[in-house]
Amino acid sequence: MALIRSCLAALCLGVLGLLAAGLVQGAAIELREFDDPVLEQRYRSLTASLRCPTCENQAINDSDAPVSGDMRERVYLLLHEGVSDMEIRDHMVQRFGDYVLYNPRLEGRTFLLWGLPAALVLLGGVLVILVVRARRNASASALTPEERARLDALINRERTE
Amino acid sequence: MLTQMIPEIGHYALVIALLLAAVQAVMPLAGAATRRPLWMAYARPMAAGQLLFVAIAYACLTTSYLLDDFSVANVANNSNSMLPWYYKASAVWGNHEGSVLLWSLMLAGWGYFAARFSRELPRDMVARVIGVLGLVCVGFLAFVLITSNPFERLLPNMPQDGADLNPLLQDFGLIVHPPMLYMGYVGFSVVFAFAIAALLGGRLDAAWTRWARPWTNLAWAFLTVGIALGSWWAYYELGWGGWWFWDPVENASLLPWLTGTALIHSLAVTEKRGAFKSWTVLLAISTFSLSLLGTFLVRSGVLTSVHAFANDPSRGFFILVLLGITVGLSLLLFALRAPRVSHQVGFTWLSRDALLLINNIVLVIMTVTVLMGTVYPLLLDALDLGKISVGPPYFNALFVPLTVIMCVFMGLGPLSRWKRMNGRELWRRLGGAAVAAVLIGAVAPLLYGGEWNAWVAIGLVAALWVVLPMLRDLYDKARGAPSWLAGLRRLSLAYWGMQLGHLGVAVTIVGVAVVSNYNIERNVRMGPGDSVQVAGYTFTMTELTSRRGANFLADRAVIEVQRDGSRRSFTMNPEKRLYIARGMPMTQVALRPGFFRDLYVAMGEDLDDGSWAMRVQFKPFVRWLWLGALLMAAGGILAVADKRYRRLATARDPEARGDAKPREAAA
Amino acid sequence: MKRRLLLLLPLAGFLVLSVFLYQGLSLNPFHRDSALMARDFPEFDLATLEDAERRVDRSLLTTGEVTLVNVWGEWCPECKREMPQLLDLAERGVRLVGISYKDTREKGLGFLEEFGDPFEINIFDPDGELAFELGVYGAPETFLVDADGVIRYHHTGYIAPGEVREKILPEVEKWR
């Protein structure tokens, strides 16, 4: 109880932005028994992908905050009730908001977040094709004489290797 | 008497440094614009003078720390009389004000060395480079003096003792990590200045890239080491064995690293082939801009991060203005002055040019992805669309495939030739490597004992695909020479630097793939006499003791570790410390490092019955992460040592310089 | 000309980013609306702090009156600083219900004795069961529940003296 108290005191300060430096050590070492290694694996990945609602930027598996402990407990219980990962995430979102998902859901407002990298890969591919095609047809005469001389020297150097 | 004045001396020195920086910014730039040699000649002495006075200010602050002058607010808030002297000296940069002063010191230092080692450059080029650096210095010194003065006093009510340095920072990591990281961030200011000078002077030729390359490599090497040190520090200090968290502050350091890597490669194309000129300039501007953006993100409090400094909106606003002026003006200049006509240098699909183009595109996509993920919560919040989090699952899901794509082309790169290359020849030299990489990579995880893991296999294939063609290339190059040794010695340092850098990437990839997937962790209750088995090691707690450190009390466990089937054993001593000044508990991890595995033991909480919750981990290949980074940095520095950069004396005329070295391998 | 425009792209991108960064300066990254906003107050069935025998449920909050539900704990220093403001609100005729969060009965009652009791009733939640349903992540937190038991406003952290008039009372009026 003493620990919870000091943590929560720190938490209140943190909310007010008075915490001198945000660096905190999170080393919640939990002793949980799992009979099923699959459940244990799921527990680990779930607790690593849920964000502690009150810390600066820590997953609940890495946080000493009391609410993280409660959330881990809930994940553990729900897993043993046979609830799916997706439903467990929803369970948390219903109570704590989308904020607790480190892996944001694909929806209207996160469309750009997920779509942009994919679009960039496509765009990058198109760009490479366009540039190389343009360059492939570029005639050497577009070079200034001295550039051409340098170029030839460079190419010759390569050949001698 | 004099010692009481030290903070004021430091403060005045800073003011003088600011004035000198202003002169350094105005006179040479004006001189270059109006072609007045006398004005341009202000550049070097001002750069030296500015460094001198920032150094005096910095020395004054450090002295205040060492003398425990708690009338200085900065010292009172971040130090304590019980702190060992080396932490007092490094506590200077363990806080916002002091670290910005360190930033400024390094900025002045890079500026000085840029001035010093540019004797062979044309006078107007030097004047512009030093002038631009002076402008950046003005911004940062003004930032220190106006919003973050580290010399502020707490008079007349000075505290008896200081509030102490955050115990998490009382570590060797604090001594080495921030300076290295800042050297990297700040170092990119030099290539930035070169880029701006080139735009101003309209001089974007091959000579320009040759001047800029060593500076880029150096800054990049520092940043690489800085990031690796940060990761290593987090690994042993935070107590649960993570080494990369995709925290906004880490991302902020990764962004300039990614564009810096792209810049190194793009500079190669611009130097050797005269292509991608505007692109190279844009990368140079972006890299330093992202360093500044990182500073903004860390110090303004717009993002929640575990590393953020205590925040103050006025500081955030100042940095944003600084960022806006520096980056906005640079990009505007870029839009106006970037070379109008692109030189149509021809190359084909199978050419080093095309591969480096792909390299740059992939690196830029990585940068945009990381940037997007980092600021997206802020964007949504600003648009009032709610609060979301973007964390490790997102970044891993995108970064891993992008890295794999990059590795595919990275294997081809070093063997390819400029302009064009015969596909059949490429296959002849690479086919074997490709088959070997896939076979070894797919089978090796089976030999590891654990179950086969697809991600490990992919990581190994990617790494081997990067390394094996390199070996093949070395073989080919050595074979052609009279003797093997002669063949290898003939190769330029730039070539070796590239090979080493690529080897480093492969080593890091192996480390990441293996430790992420084969890490074993067990949380157990342990009291004296209890033992636990993890990955073929038996950990037995033999004793629980306590000890008193300089400024902390510690519970200490003695853990005897024995490898199965081996008779030798060793002890590990994890601790739970209580730092007295702040009353803050800390976990001190016990580590047994090894080339192929680390053993990692951390103490949690004491349980009611006198035993403790302990975390025991087996972390295979984790050292490879940082070893790879060191290899990359070594590669970057090796390339700087290449002869051609020392031949700058003849560099005035690119034609006379360029092709006098038939022995030089392409880089 | 087209190429010039292309060269302006980085600048445009940077300017857009700067606007967001500027806005970011005035945002509080710690402030979030409750996920339960505009949703029914969750079901519960718990004893009261005052009387272990008496059980209360959601009907406590569907009495047709606007209610402030305050989550507090004896261990929470901010809650102590908040009590004068809550007493003030109670005096102004606002109905307050407390949730005694992760306390023992003894300590909770002691707290009310020492700092005053503005609450009509206190729900005893020693395990944080109801608080978890409410998505509470630290005390104090205050929820405004309208006449039909729907959550309409959420305040995290301590209610400062000035906030009683500026924030809380207007919200109470709004939902009455």
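Colleague: How many helices and strands does chain A have in this predicted model?

Modeller: Chain A of the predicted model has six helices and zero strands. Read from the N terminus on, the order of its elements is α-α-α-α-α-α.

Colleague: What share of the residues in chain A is buried?

Modeller: Of the 161 residues in chain A, 35% are buried.

Colleague: Let's move to chain B. Why is B:His177 called buried?

Modeller: Let's set the value against the cut-off. The label needs 20 or more other C-beta atoms within 10 Å. B:His177 has 24 C-beta neighbours inside 10 Å, so B:His177 counts as buried. You will find B:His177 in helix α8 (residues 172-201) of chain B.

Colleague: Which residues is B:His177 in contact with, leaving aside its neighbours within four places in sequence?

Modeller: They are B:Gly226, B:Leu229, B:Gly230 and B:Trp233. Take B:Leu229 as an example: B:His177 and B:Leu229 are 52 residues apart in sequence, yet their C-alpha atoms are 5.4 Å apart in space.

Colleague: What is the phi of B:Asp68, and where does B:Asp68 lie?

Modeller: B:Asp68 is not a glycine, but its phi is positive, at about 55°. B:Asp68 sits in the loop between α3 (43-66) and α4 (73-78) of chain B. B:Phe276, also not a glycine, has a positive phi near 55°. B:Phe276 belongs to the loop between α10 (248-273) and α11 (277-300) of chain B.

Colleague: How do you know that helix α7 of chain B has a span close to the expected one?

Modeller: Helix α7 (residues 123-147) of chain B has 25 residues and reaches 36 Å from its first C-alpha to its last. At 1.5 Å a residue, 36 Å is expected, and the two values are close. As for cover, 19 of the 25 residues of α7(B) are buried, so the helix is mostly covered by the cut-off of 20 or more C-beta neighbours.

Colleague: What makes β1 and β8 of chain B edge strands?

Modeller: Start with the order of the open sheet, which is β1-β10-β9-β8 in chain B with antiparallel pairing. β1 (520-526) and β8 (590-592) each have a single partner strand, so one side of each is left without a neighbour in the sheet. From one strand to the next, the twist averages 15°.

Colleague: How do you know that β1(B) pairs with β10 of chain B?

Modeller: Pairing takes at least two bridges. Seven bridges join β1(B) to β10 (residues 612-620) of chain B, and the two run antiparallel. One example is B:Glu521, whose bridge partner in β10(B) is B:Gln617.

Colleague: Which stretch of chain B has a pLDDT under 50?

Modeller: That is residues 649-667 of chain B. Where pLDDT is low, the predicted coordinates should not be read in detail. For chain B as a whole, the mean pLDDT is 89, and 94% of the residues reach 70 or more.

Colleague: Where is confidence lowest and highest in chain C?

Modeller: Helix α1 (residues 2-25) of chain C is lowest, with a mean of 89, and strand β1 (residues 45-47) of chain C is highest, at 95. Chain C averages a pLDDT of 91. For the complex, the predictor gives an ipTM of 0.88 and a pTM of 0.90.

Key
Residues are numbered from 1 along each chain as its sequence is written. Chains are lettered from A and ligands numbered from 1 in the order in which they are written. This is a predicted model: local features need pLDDT of at least 70, side-chain atom pairs count only at pLDDT 80 or more; totals for chains, interfaces and linings use all residues. Helices (H or I, at least four residues) and strands (E, at least two) are DSSP runs, numbered from the N terminus. Axes are lines fitted to C-alpha atoms, for helices over the stretch in contact, and angles run from 0 to 180 degrees between N-to-C directions. A residue is buried if 20 or more other C-beta atoms lie within 10 Å of its own, exposed if 12 or fewer, and partly exposed in between; C-beta atoms are placed from the backbone. The expected span of a helix is 1.5 Å times one less than its number of residues. pLDDT is the predictor's confidence in each residue, from 0 to 100. Two residues are in contact if their C-beta atoms, placed from the backbone, lie within 7 Å.
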